[in-house]
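Trainee: I'm new to this one. Walk me through it, please.

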Amino acid sequence: MKIKLLAAVVSLVAMNNAVASVTVNDVDGYDRESKYTGGFMDRIVTDSDHSRTFGAWAFRADTYGSCSTGAVYDEVSGEFIANVAIAPAGHNTWHIDRIVLQGQFTEAQLQRTRVLSLSCESEAGESFTVKHKIPAVPKITWDATLTGVGEWQSPACGGQSSHCGGAGWYEQLSYTSSILVNNGTEDGFCTSQINDGLVSKVFNGYDSTPLFHTNHYALNNEVYNYNGRVFRQTVSCQNPAGTTEQVTIWEVTGENDINLVIDQVNYK
């Protein structure tokens, strides 16, 4: 009889604890700001300077509650990544916490969605687990071709100031590209650059985009007046998790001899 009574008491305590513990999920997707309902947390805003680190501001609706511990996990596998430090944002800001990742993300972790999980307690003693989603860094799929326009030009060999044997050039280059970007969130945008002050038009004729989640951009046979030996094109896409930068460098070394020598992805 005593064993049954003890089991009943343990079950009742476990049930009470389960009722007292509330999980507050992020229903806003992978946006920079997550807003919550339910009374304890008002919002969490990602604020990071670099893709390999993570920082955020947590605004509690419960002014005298607290968040004591937290960590970042892989959203899909649930694998633990790193703990976070939690500290008051400043003087007279008891309801705002500054959250900073203790460590750095690996390159593999940058390419996966993650989640911040905070363990908190209300002024009344109720326990909360508050979650905030972190997107993967933007993914860029980029195919391009570069061809010379017109005849290959060679240095003139006549006249008093003749110089034979020097480098040749095309006076114009024709550029075609196809870019698929997945920012993982509506809070993403992209920019592009070409060396020597040329205006890049890879985003359907523009050098930048408004905020977007996923889109495909095409540029067909855009002619640039360019007679240099190296043609450098950069596309950078940024979301709340950081920036993905892809750099392509072409060398123009001879007639019908234009080669892609660098195609590199960097995370910033």
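Trainee: Let's start at N256. Buried or exposed?

Mentor: N256 counts as exposed, at 71% relative accessibility. The cut-offs are simple: buried is under 20% relative accessible area, exposed is over 50%, and partly exposed is in between (1.4 Å probe, protein chains only).

Trainee: And where is N256 found?

Mentor: In the loop between β15 (242-254) and β16 (257-267). Most residues other than glycine have a negative phi.

Trainee: What should I know about the model before going on?

Mentor: It is a predicted model: local features need pLDDT of at least 70, side-chain atom pairs count only at pLDDT 80 or more, and totals for chains, interfaces and linings use all residues. Residues are numbered from 1 along each chain as its sequence is written, and side-chain values use heavy atoms, with hydrogens and water left out.

Trainee: What is the mean pLDDT of the chain?

Mentor: It is 89, and 88% of the residues reach 70 or more. pLDDT is the predictor's confidence in each residue, from 0 to 100.

Trainee: Which element has the lowest mean pLDDT?

Mentor: Helix α1 (residues 2-20), at 40. Strand β8 has the highest, at 98. Over residues 1-18, pLDDT stays under 50, and the model has 0 contacts there beyond four places in sequence. A contact means heavy atoms within 4.5 Å. Where pLDDT is low, the predicted coordinates should not be read in detail.

Trainee: How many helices and strands are there?

Mentor: The chain has 2 helices and 16 strands. They are DSSP runs numbered from the N terminus: helices are H or I with at least four residues, strands are E with at least two. Of the 268 residues, 37% count as buried.

Trainee: Now the inside. Which members of the largest nonpolar core touch the most others?

Mentor: M41, I44, V72, L118 and V130, out of 26 residues in that core. The elements giving it two or more residues are β3 (41-46), β4 (55-60), β5 (66-74), β6 (80-88), β7 (96-101), β8 (114-121) and β9 (127-134). A nonpolar core is a set of buried Ala, Val, Leu, Ile, Met, Phe, Trp, Tyr and Cys residues joined through side-chain atoms within 4.5 Å.

Trainee: What does the second core include?

Mentor: That separate core has 24 residues, including I140, W142, I194 and F212.

Trainee: Back to I44. What is it in contact with?

Mentor: Leaving aside neighbours within four places in sequence, its contacts include A56, W57, L118 and V130.

Trainee: New topic, rings. How many aromatic pairs does the structure hold?

Mentor: It holds 8. One is Y175 with F231, tilted, at 5.9 Å centre to centre and 35 degrees between the planes. Y175 lies in strand β11 (residues 172-182) and F231 in strand β14 (residues 230-239), so the pair ties together parts 56 residues apart in sequence. To pair, ring centres of Phe, Tyr or Trp (its six-membered ring) lie within 6.5 Å; planes under 30 degrees apart are stacked, over 60 edge-to-face, and the rest tilted.

Trainee: Is Y175 buried or exposed?

Mentor: Y175 is buried, at 0% relative accessible area. F231 is buried at 0% too. F231 also forms a tilted pair with Y224, 5.9 Å centre to centre and 50 degrees between the planes. Ring pairs link Y175, Y224, Y226 and F231 into a cluster.

Trainee: What sits over the ring of W57?

Mentor: The charged end of R98, 4.6 Å from the ring centre. Likewise, the charged end of R114 sits over the ring of F105, at 4.4 Å. The test is NZ of Lys or CZ of Arg within 6 Å of the ring centre and within 35 degrees of the ring normal.

Trainee: Last one, R60. Buried or exposed?

Mentor: R60 is buried, with a relative accessible area of 4%. It is found in strand β4. R60 and I96 are 36 residues apart in sequence, yet 6.2 Å apart in space, C-alpha to C-alpha. Contacts of R60 beyond four places in sequence include F40, D42, W94, I96 and D97.
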